[in-house]
Amino acid sequence: MIKAVIFDLDGVLVTTDELHYRAWKQLAAEEGIKGFTKEDNIRQRGVSRMASLEVLLEKSDKKYSDEEKLALADRKNNIYVRSLAGLDRSAVLDGVFEFIDHIKSMGIKTAVGSASKNTPMILEKTGLAALFDAVSCGLDTQNSKPDPEVFLIAADKLGIPYKNCLVIEDSDAGIQAAKAGGMLALAVGAAKNNPHADYSAESLADSCILRERHYTGIL
Ligand code: BG6
Ligand code: MG
């Protein structure tokens, strides 16, 4: 039985996944790194800022020191945070508010489990913050997805056993993390074909999640 739903942030609740991609693209252009694509960006989903940087640097001939890597990650974050300046409720993905209303009306707890250290700011700007009983993010963790830590912390904050949690994710790393934590996983968006997920859907606005057997079967 599902007693809590733990939502990933970027690409599940809000459209910021696209802004991450554009910020990495800009950094790549500034550094003269060629051939960084949307496919590379799919592997950046769910993982930490430094792990995302490593994906970009696979496309670079230059060897960067640890110090230079930290500086690159900071530059990307500055580009990204600047792009969040006008972020508001319109960045919330279709179906999110309805989905959360629906599960709350069923007495199900809600949490966010995201690798992003920008999570609190994004939740505030988009008007989502008040909808969650707990938030666990890159500011709370030592290990990034596919390690389950971020989801375990979310479940612990809620006081719900791991086996009663459903994680909603758009990344392969996040699906692996949920399963490693003994939780159920619903894959959406970029991860919708992940074979390890328990359930999959195009998005939270997908009518079969909200209204039909598939959805009621989960909850
Ligand atoms: C995840 C994104 O949610 O957060 C990753 O999917 C990103 O692509 C990671 O690298 C870390 O985000 P931030 O905002 O701390 O750089
Ligand atoms: Mg995501």
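**Cysteines, a magnesium site and parallel strands**

A search of the whole structure, a predicted model, finds zero disulfides.

Visitor: How do you know that Cys137 is in no disulfide?

Guide: The nearest cysteine sulfur, that of Cys165, lies 17 Å away.

Visitor: Why is Cys137 called buried?

Guide: Its relative accessibility is 3%. Buried means under 20%, and therefore Cys137 is counted as buried.

Visitor: What makes Cys165 count as buried?

Guide: Cys165 has 0% relative accessibility, which is under the 20% limit, so the term applies.

Visitor: Which residues coordinate the magnesium ion (ligand 2), and what makes them donors?

Guide: The ion (ligand 2) is coordinated by Asp8 (OD), Asp10 (O) and Asp170 (OD), at 2.0 to 2.2 Å. Along the chain the donors follow the spacing D-x1-D-x159-D.

Visitor: Why is it said that the pair Asp10 and Asp170 links distant parts of the chain?

Guide: Asp10 is in the loop between β1 (4-7) and α1 (16-31), whereas Asp170 is in the loop between β4 (165-169) and α8 (172-180). The two residues are 160 residues apart.

Visitor: Why are Asp10 and Asp170 called buried?

Guide: Asp10 has 12% relative accessibility and Asp170 has 1%. Since the limit is 20%, Asp10 counts as buried, and so does Asp170.

Visitor: Which strands does β5 pair with, and how do you know that they pair?

Guide: Four bridges join β4 to β5, and these strands run parallel. β5 also pairs with strand β6 (residues 199-201) in the parallel sense, over three bridges. Pairing needs at least two bridges, so β4 and β5 qualify with four, and β5 and β6 with three. Within these pairings, Glu169 has Ala187 of β5 as its bridge partner, and Val188 stands opposite Ala201 in β6.

Visitor: Which elements make a β-α-β unit with β5, and what is its handedness?

Guide: β4, α8 and β5 make this unit, and it is right-handed.

Visitor: What makes strand β5 (residues 184-188) mostly covered?

Guide: Four of the five residues of β5 are buried.

Visitor: Where is the cis peptide bond that ends at Pro146, and how do you know that it is cis?

Guide: The bond runs from Lys145 to Pro146, with omega near 20 degrees. Pro146 is in the loop between β3 (134-136) and α7 (149-158).

Technical notes:
Residues numbered from 1 in each chain as written. Chains lettered and ligands numbered in written order. Predicted model: local features only at pLDDT ≥ 70, side-chain atom pairs only at ≥ 80, totals over all residues. Heavy atoms only, no water. Disulfide = S-S within 2.5 Å. Buried < 20%, exposed > 50% of the residue type's maximum accessible area, 1.4 Å probe, protein only. Donors = N, O, S within 2.8 Å, 3.2 Å for Na, K, Ca; no water. Right-handed = clockwise from strand over helix to strand, strands pointing away.
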